[in-house]
Amino acid sequence: MKVTRASALQLGLISCDACHLLSRKPKAPAHGVAYCPRCGEELHQRKPNSLMRTWALVIAAMVFYIPANVLPMTVTTALGSAQADTIMSGVIYFMTHGSWEIALVIFTASVFVPFLKFIILIYLLLSVQFKWVKKPKDLTWLYRFTEAIGRWSMLDIYVVTILVALVKLGFLANIEAGPAALYFALVVVTTMIAAESFDPRLIWDVVEEKHE
Amino acid sequence: MHQIACHECDLIHDIPAMPSRAAAVCVRCGCVMFRAQANSIDRTLAWTTAGLVLYIVAVSFPFLAMKNGPIFNETGLLTGIQLLFKQGIIPLATLVFLTCVLIPLIQMLGLLYIFVPLKMNFRVQYAMPVFRLFKHVKPWSMMEIYMLGILVSIVKLGKMATIIPGLAVIAFGLLIFVLNFALSSVDSHMVWERLEGDL
């Protein structure tokens, strides 16, 4: 493969996010928006307002993360007495009852993965904003990693859905979803959209700027 | 020979004619820009058809049942979603419905809508918007995580009752693999070029 060692931006070209067609950047697009000549997707040289949007979504997700962990995820009623469980109390229950594998799976998916995503996204945002890019390839890898792991946080939401359906034994035992479930779903959705709004090409723009 | 820009670092590459099953990897950031597929149309159609059959089984047959002495509670894939809806947690019910029920269906129907005309050499309206939609919904299809959720639930309730997996769970588990095979048989570059050429 021959490489020209230039980015589309430097050559005045624009790559379609959907079909990857390279086209010449329109000089004055109608209504301020340009569309891909092949597939009709809106063209953006970089994802619009990438840094601001990602910051906003990460901060929102961090706010939702608090009630998601503090409030009960499920409320179990058995023989008339009710018990509320948070994510951590579930993890601790499994640890003390011998299934540490399940405790580890739930802890990783529900507590650790969202936390790791906050840290990585903030690190990426700061790196681009303050132009601290030493190893752009590693940062791009980190970005790919956050994009891939985020979805696994949905695990607890699904567990709640399945438990609610299965444990419907009237007076004997009954499980209902607690308020944390909604906040937790918001954490997953906002962090996923945050990762999608971050544009990894910004990392390489910093590198190119330094070389010029 | 044509040029594309890496979608993760924007570097321009000249892409020569690609042998089938070869991947074009960005020389700067290392991301896989695209992968050429052998026999993409036939393989995608075969896996998608198999997927739709499994999907019908997964939504219509008994999913999981819980047995505790005389009490027997049978549920379907949609039961939990309906109950969440009834409890008034509508956003949550919607999210589960979208990610595990509706979006996988959209993916399969979208693939049929694109690939049947490509196979039979005729044109349909809105093929490009449908293929764009197909690409956009991909990260929100989460059946494999639901499957892990089933395993966790079984362990969680193991001490309380016996959980009996139904036919639908097996279909659902197979569907995860089949849908993934269908998605990885899709040669996006070929599709965009064919859709463009047909115009």
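What follows is a chat about a predicted model with chains A and B.

Student: Before I start clicking around, how are things numbered and lettered here?

Tutor: Residues count from 1 along each chain as its sequence is written, and chains are lettered from A, with ligands numbered from 1, in the order in which they are written. This is a predicted model, so to speak of local features we need pLDDT of at least 70, side-chain atom pairs count only at pLDDT 80 or more, and totals for chains, interfaces and linings use all residues.

Student: What scores does the model get for ipTM and pTM?

Tutor: The ipTM is 0.90 and the pTM is 0.91.

Student: And what is the mean pLDDT of chain A?

Tutor: Chain A has a mean of 89, with 95% of its residues at 70 or more. As a reminder, pLDDT is the predictor's confidence in each residue, from 0 to 100. Chain B averages 91, and 98% of its residues score at least 70.

Student: Where in chain A is confidence lowest?

Tutor: In strand E1 (residues 3-7) of chain A, where the mean is 70, while H1(A) has the highest, at 96. Helices here are DSSP runs (H or I, at least four residues), as are strands (E, at least two), numbered from the N terminus. Where pLDDT is low, the predicted coordinates should not be read in detail.

Student: OK, on to the interface. How many residues does each chain put in?

Tutor: Chain A gives 51 residues and chain B gives 50. Two residues are in contact if their C-beta atoms, placed from the backbone, lie within 7 Å.

Student: Which element of chain A gives the most to that side?

Tutor: H5(A), with 10 residues. Among the other elements that supply at least two residues each are E1, helix H3 (100-129) and helix H6 (179-197) of chain A.

Student: And how do the residues on the chain A side divide by class?

Tutor: There are 34 nonpolar, 8 polar and 9 charged residues on the side of chain A that touches chain B. In this scheme Ala, Val, Leu, Ile, Met, Phe, Trp, Tyr, Cys and Pro count as nonpolar, Asp, Glu, Lys and Arg as charged, and the others, Gly among them, as polar.

Student: At what angle do H5(A) and H5(B) pack?

Tutor: At about 55°, with the axes of H5(A), residues 155-166, and H5(B), residues 143-157, 8 Å apart. That makes H5(A) oblique to H5(B). The cut-offs are under 35 degrees for roughly parallel, over 145 for roughly antiparallel, 65 to 115 for roughly perpendicular, and oblique for the rest. Axes are lines fitted to C-alpha atoms, for helices over the stretch in contact, and angles run from 0 to 180 degrees between N-to-C directions.

Student: Is that crossing left-handed or right-handed?

Tutor: The crossing of H5(A) and H5(B) is right-handed. A crossing is right-handed if the near helix is turned clockwise from the far one by less than a right angle, and left-handed if anticlockwise. Residues making the contact include A:Tyr158 and A:Ile162 of H5(A), and B:Ile150 and B:Ser153 of H5(B). By class, that contact has 12 nonpolar, 2 polar and 1 charged residues.

Student: How do H6(A) and H3(B) cross?

Tutor: Their axes come within 9 Å and cross at roughly 50°, which makes H6(A) oblique to H3(B). This crossing is left-handed. A:Ala181, A:Leu182 and A:Ala185 of H6(A) meet B:Pro91, B:Leu92 and B:Leu95 of H3(B). The classes are 6 nonpolar, no polar and no charged.

Student: Where does A:Met73 sit?

Tutor: In the loop between helix H1 (50-70) and strand E6 (74-78) of chain A. Leaving aside neighbours within four places in sequence, the contacts of A:Met73 include A:Gly90, A:Asp156 and A:Phe184. A:Met73 and A:Gly90 are 17 residues apart in sequence, with 9.1 Å between their C-alpha atoms.

Student: What about B:Met33, which strand is that in?

Tutor: B:Met33 is in strand E4 (residues 32-35) of chain B, and B:Met33 is partly exposed, with 19 other C-beta atoms within 10 Å.

Definitions and conventions. Buried ≥ 20, exposed ≤ 12 C-beta atoms within 10 Å, placed from the backbone.
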